[in-house]
Structure formats: C-alpha cells, structure tokens
Amino acid sequence: MRKEFEFTVKDHKVKIVNSWTRGAKLYVDGDFRDQDSSFLSNGKTALLSAKLGEFGILEIYPMPALVSVEMDAFLIKDNEKHHVYSSHNRLSLTEQRLAK
C-alpha cells in the first residue's frame with residue numbers, strides 16, 4: 001500500500017511518500033532529502049528530517065494506526081519544537097500560522 005502526504009511549510013512544498021515495501025521518502029520542493037526503510041517505527045523518534053535553511057529542521061514522525069500510517073511534522077528551531085502538519089488531527093490556528 002502506498003500513501004502520499006503533501007503540505008507546505010514556510011513556502012516549501014513537502015511531500016512524503018510511504019510504502020510498505022519501499023519505506024518512507026521525504027521530498028522538499030521536489031528534491032529528495034531523506035529516506036527510511038525500517039518496517040516498524042514507534043512514533044517517538046523522527047523517521048525523516050530535512051533542513052529548511054534559516055527556518056530550522058523539519059522532522060517527520062509516523063503515527064501508527066490500525067491499518068495505515070499517519071504522519072506528523074514538526075519544525076525545530078532554537079530548541080523549540082512547533083507542530084506544523086498532521087495527517088490525522090486538525091492543527092490549531094496558532095500552529096497553522098507558524099507553518100506559513
């Protein structure tokens with residue numbers, strides 16, 4: 001099963017492609033940035049990450065669900081972690097503004 005997640009963070013187009021057989025891949029503005037081929041993840045450590053210039057580091061965390069995988073993204077800068085995307089929960093207005 002293949003699943004894609006697309007969103008924008010600080011004017012960067014982010015795409016995550018997750019496949020049971022090929023793992024997860026992270027693309028930023030169309031450029032391949034990171035890959036993880038582990039079959040299982042606990043959601044406590046970042047699965048993928050990419051530097052977004054002066055905006056900080058984007059970290060992707062998988063959220064295991066019963067039959068599929070959902071993704072959360074956080075932007076880390078100056079030791080502060082901001083939730084900027086969730087495929088399964090609606091972000092607060094403050095979190096949505098931080099992503100723009």
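## Strand pairing, core and aromatic pairs in a predicted model

Val 14 stands opposite Val 28 in strand E3. The model is predicted, so local features are given at pLDDT of at least 70 and side-chain atom pairs at pLDDT 80 or more, while totals for chains, interfaces and linings use all residues. Residues are numbered from 1 along each chain as its sequence is written, and side-chain values use heavy atoms, with hydrogens and water left out.

**Confidence**

The pLDDT is the predictor's confidence in each residue, from 0 to 100. The protein chain averages 88, and 93% of the residues score at least 70. Among the elements, E5 has the highest mean pLDDT (96), and helix H1 (residues 93-99) has the lowest (79). Where pLDDT is low, the predicted coordinates should not be read in detail. Helices (H or I, at least four residues) and strands (E, at least two) are DSSP runs, numbered from the N terminus.

**Strand pairing**

Two strands pair if DSSP finds at least two bridges between them.

| Strands | Sense | Bridges | Opposite residues |
|---|---|---|---|
| E3 and E4 | antiparallel | 5 bridges | Tyr 27 and Phe 32 |

The connections are hairpins. E1 and E2 have 2 residues between them, and Lys 10 in that turn has a positive phi of about 50°. Asp 11 also lies in the loop between E1 and E2; its phi is near 65°, a positive value in a residue other than glycine. E2 is joined to E3 through 3 residues. E3 and E4 have 2 residues between them, with a positive phi of about 55° at Asp 29 in the turn.

Asn 79, in the loop between E7 and E8, has a positive phi of about 60° although it is not a glycine. For accessibility, buried means under 20% relative accessible area, exposed over 50%, and partly exposed in between (1.4 Å probe, protein chains only). Asp 11 counts as exposed because its relative accessibility is 71%. Asn 79 is exposed as well, at 82% relative accessibility. By contrast, E2 is mostly covered, with 6 of its 8 residues buried.

**Nonpolar core**

A nonpolar core is a set of buried Ala, Val, Leu, Ile, Met, Phe, Trp, Tyr and Cys residues joined through side-chain atoms within 4.5 Å. The largest one has 20 residues, of which Phe 7, Val 9, Ile 16, Leu 26, Leu 58 and Ile 60 touch the most other members. At least two residues of this core come from each of strands E1 (2-9), E2 (12-19), E3 (23-28), E5 (48-51), E6 (57-64), E7 (69-77) and E8 (80-86).

Contact means heavy atoms within 4.5 Å. Not counting residues up to four places away in sequence, Leu 58 touches Val 9, Val 14, Leu 48, Ser 49, Ala 50, Leu 52, Ala 73, Phe 74, Leu 75 and Val 84.

Leu 91 has its place in the loop between E8 and H1. With a relative accessible area of 12%, Leu 91 is buried. Its contacts, again leaving out residues up to four places away in sequence, are His 83, Val 84, Tyr 85, Ser 86 and Gln 96.

**Aromatic pairs**

A pair of aromatic rings is described by the distance of the centres and the angle of the planes. Rings of Phe, Tyr and Trp (its six-membered ring) pair if their centres lie within 6.5 Å; planes under 30 degrees apart count as stacked, over 60 as edge-to-face and the rest as tilted. The count comes to 3 aromatic pairs.

Tyr 27 and Phe 32 form an edge-to-face pair, 5.8 Å centre to centre with 65° between the planes. Tyr 27 is partly exposed at 24% relative accessibility, and Phe 32 is partly exposed at 44%.

Tyr 61 and Phe 74 are also edge-to-face, at 5.5 Å centre to centre and 90° between the planes. This pair links distant parts of the chain, with Tyr 61 in strand E6 and Phe 74 in strand E7, 13 residues apart. Tyr 61 and Phe 74 are both buried.

The ring of Phe 74 also has the charged end of Lys 81 over it, 4.8 Å from its centre. A charge sits over a ring if NZ of Lys or CZ of Arg is within 6 Å of the ring centre and within 35 degrees of the ring normal.
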